[in-house]
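This report describes the pockets of the structure shown below and the residues that line them.

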Amino acid sequence: MIDVMLLLIIVVCAIFALFMKDLLSATIILGIYSFIMATIFTRLNAVDVAFTEASVGAGITSVLMIAALSRTKRYEYHYTKLQRRKPSALFLKVISLLLVIITGAVLVYGTIDMPEFGDPEAPANKHVSPRYIAESEHETSEKNIVTAVLAGYRGYDTLGETTVIFTAGICVILLLRRRINT
Amino acid sequence: MFDIAAVAVTIAIMITMYRAIKGPTIYDRVLAGNAIGTKTVILLVLIGFVHDRPHFLDLAVVYPLINFIATIAFLKYREMGRLD
């Protein structure tokens with residue numbers, strides 16, 4: 001019930017962000033989109049992904065988009081009817097629509113042979129997880145398996161992720177700090 | 001009980017979405033976005049209790065911090081016309 005409602009909000013957000021002529025409003029709506037998406041990830045029990053989505057999607061992406069808007073224009077370029085009816089413009093529209101459809105089809109094709117959500121027979125649940133459950137406490141002397149995997153087995157991966165988040169935080173501070181005007 | 005509360009909060013998010021989409025001025029939209037961020041926090045806490053995992057509370061506490069970064073950026077852009 002909640003899932004369907006949240007997905008509905010996501011679709012509404014995406015459609016209105018596309019049709020908004022004021023790009024600042026579109027940025028705000030994309031921020032809302034990220035928050036709802038993070039909630040959906042939490043519903044799917046992927047808490048760390050949800051957290052990254054909330055901090056990167058709602059926080060940093062919004063700041064970077066506003067920074068880009070402050071250097072360009074706030075409103076979308078308004079095409080006149082004559083410009084919109086030109087064959088070259090129509091051709092570009094058809095090409096971009098085709099590209100989007102092909103990309104979507106390829107992505108859907110990629111999910112066809114994926115195992116069902118929560119399937120106990122999935123390869124990830126058959127080969128990797130049992131070993132972590134059986135050995136992680138003995139190998140890393142850490143009781144929490146998730147912590148053992150993130151900070152022990154995938155230590156370098158986590159180091160890289162932390163570096164990325166740290167760099168993003170520095171960027172936000174650089175953009176938002178107050179500069180004394182001379 | 002928690003399920004019903006979660007659905008009610010989701011309906012509240014939908015109503016706030018109307019203001020975010022329709023809102024005549026940019027400030028309505030900023031306010032709606034902020035309100036939706038707050039409601040997301042409550043929804044997260046409720047989902048945590050539905051799944052019987054109360055440690056979602058820790059996660060929910062950090063969300064408002066993220067929520068106000070974007071708001072500060074919007075308001076600074078509106079006040080100064082630029083970010084740096």
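## Lining of the largest pocket

In this predicted model, helix H3(A) contributes 7 residues to the lining of the largest pocket, the largest share. At least two lining residues each are also supplied by helix H6 (123-140), helix H7 (145-153) and helix H8 (155-176) of chain A, and by helix H3 (56-80) of chain B. Within chain A, domain 1 (1-78) and domain 2 (117-182) each provide at least three residues of this lining.

## Volume and composition of the largest pocket

By class, the lining of the largest pocket comprises 19 nonpolar, 10 polar and 5 charged residues.

## The second largest pocket

The volume of the second largest pocket is about 560 Å³. Lining this pocket are 15 residues, and those closest to its centre are Lys21(A), Glu76(A), Tyr79(A), Arg84(A) and Lys93(A). The lining of the second largest pocket divides into 7 nonpolar, 3 polar and 5 charged residues.

Three helices of chain A, namely helix H1 (2-19), helix H4 (81-85) and helix H5 (87-111), each give at least two residues to the lining of the second largest pocket. Helix H5(A) accounts for the largest share of that lining, with 4 residues.

Conventions. Residues are numbered from 1 along each chain as its sequence is written. Chains are lettered from A and ligands numbered from 1 in the order in which they are written. This is a predicted model: local features need pLDDT of at least 70, side-chain atom pairs count only at pLDDT 80 or more; totals for chains, interfaces and linings use all residues. Side-chain values use heavy atoms; hydrogens and water are left out. Ala, Val, Leu, Ile, Met, Phe, Trp, Tyr, Cys and Pro count as nonpolar, Asp, Glu, Lys and Arg as charged, and the others, Gly among them, as polar. Domain bounds come from an automatic or database domain assignment. On a 1 Å grid over the protein atoms alone, a cavity is a set of points where a 1.4 Å probe fits but cannot get out, and a pocket is an open set with protein on both sides within 12 Å along at least five of seven lines; lining residues have an atom within 4 Å of a point. Grid points are joined across faces, edges and corners, and a volume is the space filled by probe spheres set on the points.
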